[in-house]
Amino acid sequence: MAARFLANDLATSDGDGDGDGDGGPNTTSAVGTHTASGAEHSDAEDVPGREWYGDSAYGTGDLRDALGQAGHTAIIKPKPVQSPVAGGFTIDDFAVDEDGQTVTCPAGHTRPISPTTRTAAFGALCRTCPLRDRCTKSKTGRKIVLHEHDALLRQARRDWTTDPTLRERYRRHRPNIERVIAQVASRGGRRLKLRYRGVEPNNAWLKRRTAALNLRNLINRGLHYTNGWALTTC
């Protein structure tokens, strides 16, 4: 859904689409966006930079890469990393050298990254390792599997931990997105059902409902008409 949302947003911004695709910018998605403030563009036809908000289910390396390629900023909560041993070493405790195609474990052992599977197996090195109890329970030793966008995912986890403004922006805007989703999907506390048969009429109904809700929310935020539409903010 998020990938289709992004593709439709790019096509619409480039003037190559009509915004009618599934999950397009005129509909509500589980991922929310707004134009990033202070963004500068040298080309008037460039897609405006946006901040994309989503929970950890949308924190994939592929989506983060696509957003970065499109010039957007991902304010998405990273997926937590797990250790095979409770309280033990996670993948972030292993140093990855993409240029040298190696992985170094917390004990200082280095293994090559398989070019086909992007795995690094420590095997026999784990047998006498003094840190084994904090690293793995496997009889065959610890194996590290690296995502294609491992560096991007690592950076996202570091930023989330070290940058409090990132978490503050997420907490400030993410509830608004969830609220809008609830407004679209329910009325008076009851879940709405599709009104028509077929994709096209239901898609048209969803767009009308979304547009009406957007207008209501803007009016509540100060949108008014006096010789033209204007939004007054405090």
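## Helix packing, cysteines and a buried leucine

Helix 2 and helix 3 are roughly perpendicular to each other, because the angle between them is about 85 degrees and angles from 65 to 115 degrees count as roughly perpendicular. This comes from a predicted model, so keep that in mind as you look around the structure.

Let's stay with this pair for a moment. Helix 2 covers residues 61-69, and its axis lies 9 Å from that of helix 3. On the helix 2 side, the contact is made by Gly 61, Arg 64 and Asp 65.

Now turn to another pair, helix 4 (residues 164-185) and helix 5 (residues 199-220). Helix 4 and helix 5 are oblique to each other, and helix 4 passes helix 5 in a right-handed crossing. From helix 4, the residues in the contact are Val 180, Gln 183 and Val 184. From helix 5 come Leu 206, Arg 209, Thr 210, Leu 213, Arg 216 and Asn 217. This contact has four nonpolar, three polar and two charged residues.

Here are the two pairs in one table.

| Helix pair | Angle | Distance between axes |
|---|---|---|
| Helix 2 and helix 3 | about 85 degrees | 9 Å |
| Helix 4 and helix 5 | about 130 degrees | 10 Å |

Next, the cysteines. How many disulfides does the model have? The count comes to zero. Take Cys 129: the closest cysteine sulfur belongs to Cys 105 and is 5.6 Å away, which is too far for a bond, because a disulfide needs two cysteine sulfur atoms within 2.5 Å. Cys 135 is in no disulfide either, and its nearest cysteine sulfur, in Cys 126, is 5.8 Å away. Are these two residues buried or exposed? Cys 129 is buried, with a relative accessible area of 15%, and Cys 135 is buried too, at 9%.

Finally, find Leu 146 in the loop between strand 8 (143-145) and helix 3 (150-162). Leu 146 counts as buried, because its relative accessibility is 5% and buried means under 20%. Which residues does Leu 146 touch, leaving aside its neighbours within four places in sequence? Its contacts are Ile 91, Val 96, Val 103, Ile 113, Arg 118 and Arg 154. One of these, Val 103, is 43 residues from Leu 146 in sequence, while their C-alpha atoms are 9.7 Å apart in space.

Conventions
Residues numbered from 1 in each chain as written. Predicted model: local features only at pLDDT ≥ 70, side-chain atom pairs only at ≥ 80, totals over all residues. Heavy atoms only, no water. Axes fitted to C-alpha atoms, helices over the stretch in contact; angles between N-to-C directions. Helix = DSSP H or I, 4+ residues; strand = E, 2+ residues; numbered from the N terminus. Parallel < 35°, antiparallel > 145°, perpendicular 65-115°, else oblique. Left-handed = near helix turned anticlockwise from the far one by under 90°. Contact = heavy atoms within 4.5 Å. Nonpolar A, V, L, I, M, F, W, Y, C, P; charged D, E, K, R; others polar. Buried < 20%, exposed > 50% of the residue type's maximum accessible area, 1.4 Å probe, protein only.
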